[in-house]
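This briefing concerns the single chain shown below. Please read it alongside the sequence and the coordinates.

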Amino acid sequence: MTSPSGSHDKPSAGDPLPPKCSVIEVHVGELKQLFNAIDPSPFRDKDLDPKAEEFIVGWAKNCP
């Protein structure tokens, strides 16, 4: 994968990224910090915490 600066980064997990997409890395102490604690769904179906979602979307808006 090539970053916006043109350097090659390590491949990301999951589905391949479509062309003209950027990677946003989110680092947390514990994975559960990203998810809504009130959501009773099993881990794989949980919603993102609204504040985490707002943070990620805010950074995404700054990407080319």
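A nonpolar surface patch is formed by Ile24, Val26, Val28, Leu31, Phe55 and Trp59, which together have about 540 Å² of accessible area. Accessible areas are computed by the Shrake-Rupley method with a 1.4 Å probe, and for residues only the protein chains shown count as cover.

The model is predicted: local features need pLDDT of at least 70, side-chain atom pairs count only at pLDDT 80 or more, and totals for chains, interfaces and linings use all residues. Residues are numbered from 1 along each chain as its sequence is written, and side-chain values use heavy atoms, with hydrogens and water left out.

**Aromatic pair within the patch**

- Tryptophan 59 is located in helix H1; helices (H or I, at least four residues) and strands (E, at least two) are DSSP runs, numbered from the N terminus.
- Rings of Phe, Tyr and Trp (its six-membered ring) pair if their centres lie within 6.5 Å, with planes under 30 degrees apart counted as stacked, over 60 as edge-to-face and the rest as tilted.
- The count under this rule is one aromatic pair.
- The ring centres of phenylalanine 55 and tryptophan 59 are 6.2 Å apart and the planes lie at 65 degrees, so this pair is edge-to-face.
- About one helical turn separates phenylalanine 55 from tryptophan 59, because the two are four residues apart in helix H1.
- Phenylalanine 55 is exposed at 51% relative accessible area, and tryptophan 59 is partly exposed at 48% (buried means under 20%, exposed over 50%, partly exposed in between; 1.4 Å probe, protein chains only).

**Whole chain**

- The chain contains one helix and zero strands.
- Of its 64 residues, 8% count as buried.
- The accessible surface of the chain is about 5800 Å², and carbon and sulfur atoms supply 58% of it.
- Among contacts (heavy atoms within 4.5 Å) with a separation of 6 or more, 18% are between residues 24 or more positions apart.

**Leucine 48**

- Leucine 48 belongs to the segment before helix H1 (50-61) and is partly exposed, its relative accessible area being 34%.
- Not counting residues up to four places away in sequence, leucine 48 touches Leu34, Phe35, Asn36, Glu53 and Ile56.
- The C-alpha atoms of leucine 48 and leucine 34 are 5.7 Å apart, while the two residues are 14 residues apart along the chain.

- Lysine 20 lies in the segment before H1 and is exposed, with 84% relative accessible area.
- Although not a glycine, lysine 20 has a positive phi of about 65 degrees.
- Most residues other than glycine have a negative phi.
- Serine 22 also lies in the segment before H1, and its 28% relative accessibility makes it partly exposed.
- Serine 22 and cysteine 63 are 41 residues apart along the chain, with their C-alpha atoms separated by 6.9 Å.

Definitions and conventions
Patch = residues over 30% accessible without salt bridge, like charges linked within 9 Å, V, L, I, M, F, W, Y side chains within 5 Å. Salt bridge = Lys/Arg side-chain N within 4 Å of Asp/Glu carboxyl O.
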